[in-house]
Amino acid sequence: MPWPYVGVKRNMNQKLLKLENLLRFHIVCRQLHSLCQRRTLAQWRHMFSSAYPVWTAQLYARPWQTDALIRAALSQHRLLVTKKEERSQKSQLSSRKSKKEVEVWIGMTVEELARAMEKDIDYIYESLMNTAVDIDSLEADSHLDEVWIKEVIKMAGMKLKWSKLKQEKVRENKDAVKRPQADPALLTPRFPVVTIMGHVDHGKTTLLDKLRKTQVAAMEAGGITQHIGAFLVSLPSGEKITFLDTPGHAAFSAMRARGAQVTDIVILVVAADDGVMKQTVESIQHAKDAQVPIVLAINKCDKPEADPEKVKKELLAYDVVCEDYGGDVQAVHVSALTGDNMMALAEATVALAEMLELKADPTGPVEGTVIESFTDKGRGPVTTAIIQRGTLRKGSILVAGKSWAKVRLMFDENGKTINEAYPSMPVGIVGWRDLPSAGDEILEVESEPRARQVVDWRKYEQEQEKNKESLKLIEEKRKEHQEAHRKAREKYGTLHWKERSLIKYKEKKQQQPLKLKERVERESNVLPIIIKGDVDGSVEALLDIMDTYDASHECELELVHFGVGDISENDVNLAETFHGVIYGFNVNAANVIQQSAAKKGVKIKLHKIIYRLIEDLQEELSSRLPCNVEEHVIGEASILATFSITEGKKKVPVAGCRVQKGQLEKQKKFKLIRNGHVLWKGSLISLKHHKDDISVSKTGMDCGLSLDEEKIEFKVGDDIVCYEEKEVVAKTSWDPGF
C-alpha cells in the first residue's frame, strides 16, 4: 500500500474517533436528561393521567429508541465519511496522474511542442491567441521563446520539465600536423625551387626547354602550358634547380598561386615586344603574396621590335624595380628561341639562392606539397609532389587532404624509377587510395591505421563545417518563408473570403505540373554539363571559369559532375539522365564509349586547348537561347493625302503615298509611324497605282494603300515603313574574361 494512502487512512480514523467520543458524550447527556424527565413525568402522571392520556404518552420518550437512532446515525455517518475520504483520495491520485509532465527545451518549434504535449498544432495557436505573439507569422517550424512555451504548458494544466540537452561527445582531434622547427644545426643545404611565371605565350616553356634541352613546348597543345610541370635541371656548373612551369593562361590563376606558395624564387618572364600584360601583373601579385624574390627574364630580345627598357619602365608601376633603376631585382635579357644569355639567367638564379641560404631537414617524417594529381590507367591515382622536409622512401605512409597512400612506386619527371626523394626534389608518387587535390599538404604518419584515423577526422571536420553551413542556410530560408507568409497574410487580410478563395485557386492552378510544351521550353533553358580533365589542376581551372558564369537569366549552367580521368560509361549515363553535354579536357573517350554516347544521343566534346573548350561551351549555351527577331527595312513612304473609298456598305480609309526609299512590297509587313512613335504593325489589304493593283511600288512612285486595321486614321506627314523579320541566332552575354 502506498504511503500517501496510509497517511490519509490514519487521519480518517482519528477524525472518526473524535466524532464517536462527541457522540458518546451526547448520549450520556441525553440519558441524564431522560432520567430527570422520567422522574418529573412520574409525578405528573398521577396528576394528569386521567385528563390528558395522549399528551402524556407523547411527552414520554423511550430511551432505547433514542440510542438506536443515534447508533444508526453514527454508523451512517461513519460510512459517509469513509466514502468521502476514499473519493478525495482517488481524486487526488487521479489529479496527480492527469497532470502530465511535458519535456521541453530552449528553441523548441511549434510542431515539436505540439508533439511533446500530444496535441495538434492548432491547440498551440489557440493557446497563444491572446498573447503578444504574432500568430500570423507563426509556422509549424517557427521557434518559440521560453516564456511562450511556459504559457502554453500552463494553459494546458500540464507540468513543465526542462530537458537536459545532450552534449555531443567532443571528438578528440586526431589530425596529423607538421613537426616543430628543426634544430638549425641539423639542417643541410638544398637546391632552390624556382617557378617560372608570366603571361601566356611569352616564352616560359621554351625558356625551360633550353635549360632542359628538351622539346616540351612542341608537345603542348597550341604551344600553351595546360598544367604545372615540375622538373629537376642540372646545370653545367653542377648546380641543381627544381623548376615549376606554371600556365600563363588567364584560366589558371589558382595554379599560379599554388606554384608561388611552394617556391623559393620566381622567374618572371616578360616578352620584350609585348610588355607587361594582365597575367604578368597577376604573377607579380602572387610572388608578393608569397613573399618570394623575383628574377626578371626579358624574353624575345632577338626580335627587331624588342624594347627591354620599356618593359623595365612599365614594371616600375608595380613596384618591381630593376637594378638599373636602383632596385634589387636582377634583369636578364634572354632569347629562349636562340638560347642567348640562358646561362646568365641560371647563374643569376643560383646567386640569389646562395644569398637566401636555403636549407632543409632531410631526417624524420616527410613533409611536402601536392603540385599536381591525375589518374593513370595502369597505376591508378598519381601525384606530382615537392618534398620539403624528410626523405621519402618506398613503403612510407602518407596523408594528403582526405586521402592516404602507401608508397608503391616513385619516379622522376622523365618516368625513371627512384628509391629516395630528398627536400626540393619533384617526385611522382604511386599508391594513393583516392586522388588528393593539388595544393594539399603531404605528411608522413607511422602506420596505415593512423592514416585512416587522420582521414576519418578530416572527413568528420568537413562534415561538421557542412552541417553548420546547412543550418545557416535553413535559418535564412525559414526567415524568407516567414516573411513571404506574413506578406501573403497581409494580402489576403482585407479581402472577402470569396475573393481570397479565387486568388488561392488561381495560384494553385499556376503551381500545377507544367504541360509537355512548357516543360520542353523550360528544359531548353538549362544546360547540364559534365567536366572531365587530365589532372586535378585542369579541372580546378575549368571550375573557376564556371564560377564566373553570370548569364543564368538567359540559360542556366548546371554542373552535374566533374572528375579526373578519361570519359567513362558512368559519365555517359549521367549525361543521358540529365540531357547534358560531356566536356573532356586533355582526356580520351574510347570507341565503345563514343558509340554508346551516340546511341543515347549524348554529345561528347573533347578539347586540348582550354580556351577552345570555353568557346565551344559558349556556342552550346547560345544554341539554347531563343532566336532574336530583327527587322530589316525594305522601303519607306510618306503620306501626302488621305481619303476613303466605299466597299460594299463600309468606308475604307486610304493613304496616298510616295515611296521615298527602297520599295514597298505588298506581301511584306508594314508599320505606321507618327512623330517617331509606331501606331500600328500589320499587313496591307490593297496596294494600288492609280486604279491598278500592284505588288511592288518602287522609289519615286505614288501609290494608294489601305491597312488591315479599319480604326486607324491616317494623317498627312505620317510615314509608312515596309520591313521583313529575320531570326538571328542569339549569343550568350557570358564573358569569361579571355
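Residues are classed here as nonpolar (Ala, Val, Leu, Ile, Met, Phe, Trp, Tyr, Cys and Pro), as charged (Asp, Glu, Lys and Arg) or as polar, which covers the others, Gly among them. The structure is a predicted model.

By these classes, the lining of the second largest pocket comprises 11 nonpolar, 7 polar and 8 charged residues. The space within this second largest pocket amounts to about 580 Å³. Its lining is formed by 26 residues, of which Lys-178, Gln-181, Arg-190, Lys-359 and Gln-388 are the closest to the centre of the pocket. Three strands are named as contributors of two or more residues each: β10 (359–360), β11 (367–376) and β12 (380–389). Strand β12 supplies the largest share of the lining, with 4 residues.

Two helix pairs were examined next. Packing of two helices is described by the angle between their axes together with the distance between the axes.

In the pair formed by helix α16 (residues 536–547) and helix α19 (residues 610–623), the axes come within 12 Å and cross at roughly 40°. The two helices α16 and α19 are therefore oblique to each other, as angles under 35 degrees would be needed for roughly parallel. The crossing of α16 and α19 is right-handed. On the α16 side the contact involves Ala-541, Leu-542, Ile-545 and Met-546, and on the α19 side Ile-610, Leu-613, Ile-614 and Leu-617. By class, this contact of α16 with α19 consists of 8 nonpolar residues, with no polar and no charged ones.

For helix α17 (residues 569–578) and helix α18 (residues 591–600), the axes come within 10 Å, with a crossing angle of roughly 10°. Helix α17 is therefore roughly parallel to α18. A right-handed crossing is found for α17 and α18. Helix α17 contributes Glu-569, Val-572, Asn-573 and Glu-576 to the contact, while α18 contributes Ile-593, Ser-596, Ala-597 and Lys-600. The contact of α17 with α18 divides into 3 nonpolar, 2 polar and 3 charged residues.

Note on methods: Residues numbered from 1 in each chain as written. Predicted model: local features only at pLDDT ≥ 70, side-chain atom pairs only at ≥ 80, totals over all residues. Heavy atoms only, no water. Axes fitted to C-alpha atoms, helices over the stretch in contact; angles between N-to-C directions. Parallel < 35°, antiparallel > 145°, perpendicular 65-115°, else oblique. Left-handed = near helix turned anticlockwise from the far one by under 90°. Contact = heavy atoms within 4.5 Å. 1 Å grid on protein atoms, 1.4 Å probe; cavity = no way out; pocket = protein on both sides within 12 Å on 5 of 7 lines; lining within 4 Å. Points joined across faces, edges and corners; volume = space filled by probe spheres on them.
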